[in-house]
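Subject: Structure handover

Hi,

Here is the structure I promised. My notes follow below it.

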Amino acid sequence: MSPGTTGRFGERLNLALKTVNLSPAALGAAVGVDKSVVSRWLAGKVRPSGHNLTRIAIEIARHRPGFTTLAFDGPDEAFLQALSLAAPLVAPAPATTPADTPGSALPVPYDLVNTSRHEVLRRGDEYFGHYDAYYWSFTQPGRLARLAVMLRPALGLIEVRYGARGFEFRGWALLLQNRLYVQLAELRHDAMLYMVTNPGQQPQARLITGIILGPSDGNLMPTASGLVLARTGEISGRPGADDRDFEARADGDPFAGGAGAPDDIRALLGRMQPGTGAGAPWIFRVAYADGGAAP
């Protein structure tokens, strides 16, 4: 079992547990292993034995009848279908409220997912690849951060991995009107991150500008900054190899990477600052309100 495949299992097990609302501790108790073992499975450090894998599938099947061990190694669409997550991605949004929608997947209104699929089919190759993401740090004013990004095709859309040493966000990008609308999730703080970009160059996007919006570390205060995605390489089309390439590039200090930003990218981000002072380079930051009357 290759490291990339083992990591892929951890990603799928994470999604399965969240979908059926099963905690790692509860899974460990059901399978008969310590929670620390489940944590290693989820982190992609080791794959469970055949016996434990069967017990895991049985527990998930209590919530998703028909789920089997085969789902963990099958195609993405088959795995999502086994978790009852695939239908909202391929079908138009039903005429129901989110509360009436089964499962944990939420439909995107106006059939924008399929609209994006058509756009990805037409010009997705312009965007697939490895990138460096540069933006003004949410936590250390005046400093640039550099994180690794991978954009690759999956389920007819664009799958996104984004991170640096110690953390990672994963999610999807909708390509609409030649612009990327990215939504990412992170496991540590149950946090979300968003990006909206301008069009990339043709025939291949090399430098993409936009905005990144998310919670700052610690206090999770909503913060936004200008963003530059600089292409660093191509994907191979082999998921395991591409995952390893991304993980190697993401294994670095984001501030050390930001300090080494090329001069042209630093200058471009400098022009995105709302003010001239280096002490507040974010585009926008919103502080907590305690509910009292405004002064």
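Accessible areas come from the Shrake-Rupley method with a 1.4 Å probe, and for residues only the protein chains shown count as cover.

Some ground rules. This is a predicted model: local features need pLDDT of at least 70, and side-chain atom pairs count only at pLDDT 80 or more, while totals for chains, interfaces and linings use all residues. Residues are numbered from 1 along each chain as its sequence is written, and side-chain values use heavy atoms, with hydrogens and water left out.

**Overall**

The protein has eleven helices and nine strands. These are DSSP runs, numbered from the N terminus (helices: H or I, at least four residues; strands: E, at least two). Of its 295 residues, 45% are buried. Buried means under 20% relative accessible area, exposed over 50%, and partly exposed in between (1.4 Å probe, protein chains only).

**Cores**

The largest nonpolar core holds 28 residues. A nonpolar core is a set of buried Ala, Val, Leu, Ile, Met, Phe, Trp, Tyr and Cys residues joined through side-chain atoms within 4.5 Å. Ile158 and Tyr162 touch the most other members. The strands β1 to β8 each give two or more residues to this core.

Tyr162 has contacts (heavy atoms within 4.5 Å) beyond four places in sequence with, among them, Ala133, Leu147, Phe169, Leu184 and Phe246.

**Surface patch**

Met192, Tyr194, Ile211 and Leu213 form a nonpolar patch on the surface. Together they have about 320 Å² of accessible area. Such a patch joins nonpolar side chains (Val, Leu, Ile, Met, Phe, Trp, Tyr) within 5 Å, from residues with over 30% relative accessible area and no salt bridge (a side-chain nitrogen of Lys or Arg within 4 Å of a carboxyl oxygen of Asp or Glu). β6 and β7 each supply at least two of its residues. Met192 sits in β6. Its relative accessibility is 32%, so Met192 counts as partly exposed.

**Glu119**

Glu119 lies in helix α8, residues 112–123. Its relative accessible area is 12%, so Glu119 is buried. A polar contact of 3.1 Å joins its side chain to that of Arg122. Polar contacts are N or O pairs within 3.5 Å; within protein, one atom must be able to donate a hydrogen and the other to accept it, and residues adjacent in sequence count only if both atoms are side-chain atoms. The Glu119 side chain also reaches the backbone nitrogen of Asn178 at 3.1 Å.

Best wishes

Methods: Patches are made of residues with over 30% relative accessible area and no salt bridge: like charges are joined within 9 Å, nonpolar side chains (Val, Leu, Ile, Met, Phe, Trp, Tyr) within 5 Å.
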